[in-house]
Amino acid sequence: MSSLALLSLLTLQVAPYIDLALAERTGTSSARLTVLKADPRIQAICLDLVGYEPEELQAANLAALHRPIWLYLGQRRVARGRLARLESGASPTGPCAVTAEARFEGAVPLVSRSDVLWATTRDFGSQPQRSLPRGVADLARGALPSPLIDSCMRPVAQTARAVEGGTFVNLVCPTGEGSEISTLVFLPRKGAKRVVFSDSGEQGPLRLVDVLTSPDKSRNTLVLAREVEGGRRIELWESDGHTVRRVDAWVW
């Protein structure tokens with residue numbers, strides 16, 4: 001057995017993973033992926049911060065191509081597929097990005113700008129979108145500081161996503177200065193509702209697209225978007241319902 005084949009076999013035992021990749025439909029059963037969170041050996045295709053040997057990266061690449069990858073629409077799994085190739089591509093937010101072509105056994109759905117199509121090599125199962133409590137916008141408005149309550153009587157946009165522990169509600173409201181402010185409120189199933197963050201960026205407000213929950217239910221990845229020149233800036237934030245922190249961003 002050649003040294004590369006042996007290294008590939010060893011790598012397959014701890015096969016590199018892709019936690020989160022944004023997916024863009026390119027055909028009935030194909031999609032282009034932009035990898036946002038993955039094993040360091042996958043990220044090293046773009047930028048090697050560890051200093052892997054070339055043979056180790058080649059073996060990891062081969063191992064990744066043999067792994068099944070799952071396509072999700074929100075929390076619902078829609079298709080299983082495989083990667084056709086992984087490569088380094090141009091990035092508007094960094095030195096480069098890891099991109100991939102994937103082919104799926106089922107149809108890749110057409111989606112609107114209010115949905116997120118994503119892929120992962122981890123099998124998170126499939127869950128239908130949870131139903132929302134009645135009057136979530138009014139409930140969320142009650143958690144806002146007093147200056148915002150009146151301006152949010154008629155929000156410019158609102159989005160809500162329910163998770164196991166409660167509901168995230170995003171309200172985008174006009175301000176007196178002619179701009180817009182975006183607030184994210186968490187309505188827990190038990191306990192007091194609270195504002196998780198408030199944003200009034202100069203480039204326009206962040207809007208909630210979706211909430212992806214980890215398999216152990218311990219954290220939520222918030223997918224938010226902001227319209228910028230050249231497209232949409234996708235931002236990933238993690239929240240436990242009390243605090244948030246931004247973990248990545250990408251112009252899509």
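Trainee: Where do I start? How many helices and strands are in the chain?

Mentor: Start with the outline. The chain has five helices and 14 strands. Keep in mind that the model is predicted.

Trainee: What share of the 252 residues counts as buried?

Mentor: Buried residues make up 45% of the 252 in the chain. The accessible surface of the chain is about 12800 Å². Carbon and sulfur atoms hold 50% of that surface.

Trainee: Which residues does Thr183 touch?

Mentor: Leave out residues up to four places away in sequence. Thr183 then touches Leu144, Leu148, Val169, Asn170, Leu171, Phe197 and Ser198. Remember Phe197, as we will meet this residue again.

Trainee: Now charges. How many salt bridges does a search of the whole structure find?

Mentor: The search finds 14. To read one, find the nitrogen of Lys or Arg and the carboxyl oxygen of Asp or Glu; the cut-off is 4 Å.

Trainee: Where do Asp123 and Arg77 lie in the chain?

Mentor: Asp123 is in the loop between β6 (117-120) and α4 (136-141). Arg77 is in strand β4, residues 76-89.

Trainee: Are Asp123 and Arg77 buried, partly exposed or exposed?

Mentor: Asp123 is partly exposed, with a relative accessible area of 46%. Arg77 is partly exposed too, at 30%.

Trainee: Which residue meets Glu87 in a salt bridge?

Mentor: Arg85 does, with 3.4 Å from N to O. Glu87 has 33% relative accessibility and counts as partly exposed. Arg85 has 40% and also counts as partly exposed.

Trainee: What about Asp210 and Arg161: are both buried or exposed?

Mentor: Both are buried. Their side chains meet in a salt bridge at 3.3 Å, N to O. Asp210 sits in strand β11 (residues 207-213) and Arg161 in strand β7 (residues 157-163). The pair links distant parts of the chain, 49 residues apart.

Trainee: Which residues do salt bridges with shared partners join into one network?

Mentor: Asp199, Arg226, Glu235 and Arg246 are joined in this way.

Trainee: On to rings. How many aromatic pairs does the structure hold?

Mentor: Three. Read two values: the distance between centres and the angle between planes. One of the pairs is Tyr72 with Trp118, at 4.8 Å centre to centre and 25° between the planes. Planes under 30 degrees apart count as stacked, and this pair is stacked.

Trainee: Which parts of the chain does that pair tie together?

Mentor: Tyr72 lies in strand β3 (residues 68-73) and Trp118 in strand β6, so the pair ties together parts 46 residues apart in sequence. Both Tyr72 and Trp118 are buried.

Trainee: How do I read the rings of Phe197 and Trp237?

Mentor: Use the two values again. The centres are 5.3 Å apart and the planes are at 10°, so the pair is stacked. Phe197 lies in strand β10 (residues 194-199) and Trp237 in strand β13 (residues 231-239), so the pair ties together parts 40 residues apart in sequence. Phe197 counts as buried at 9% relative accessibility. Trp237 counts as buried at 16%. Phe197 is also among the residues that Thr183 touches.

Trainee: Which ring does Arg77 lie over?

Mentor: Arg77 lies over the face of Trp70, at 4.7 Å from the ring centre. In another case, the charged end of Arg122 sits over the ring of Tyr17, 4.2 Å from its centre.

Trainee: Last, the surface. Which residues form a nonpolar patch there?

Mentor: Leu47, Leu49 and Val50 do, with about 330 Å² of accessible area together. Leu49 sits in the loop between α2 (40-43) and α3 (54-66). Leu49 is exposed, with a relative accessible area of 74%.

Terms used. Residues are numbered from 1 along each chain as its sequence is written. This is a predicted model: local features need pLDDT of at least 70, side-chain atom pairs count only at pLDDT 80 or more; totals for chains, interfaces and linings use all residues. Side-chain values use heavy atoms; hydrogens and water are left out. Helices (H or I, at least four residues) and strands (E, at least two) are DSSP runs, numbered from the N terminus. Buried means under 20% relative accessible area, exposed over 50%, partly exposed in between (1.4 Å probe, protein chains only). Rings of Phe, Tyr and Trp (its six-membered ring) pair if their centres lie within 6.5 Å; planes under 30 degrees apart count as stacked, over 60 as edge-to-face and the rest as tilted. A charge sits over a ring if NZ of Lys or CZ of Arg is within 6 Å of the ring centre and within 35 degrees of the ring normal. Accessible areas come from the Shrake-Rupley method with a 1.4 Å probe; for residues, only the protein chains shown count as cover. Patches are made of residues with over 30% relative accessible area and no salt bridge: like charges are joined within 9 Å, nonpolar side chains (Val, Leu, Ile, Met, Phe, Trp, Tyr) within 5 Å. Contact means heavy atoms within 4.5 Å.
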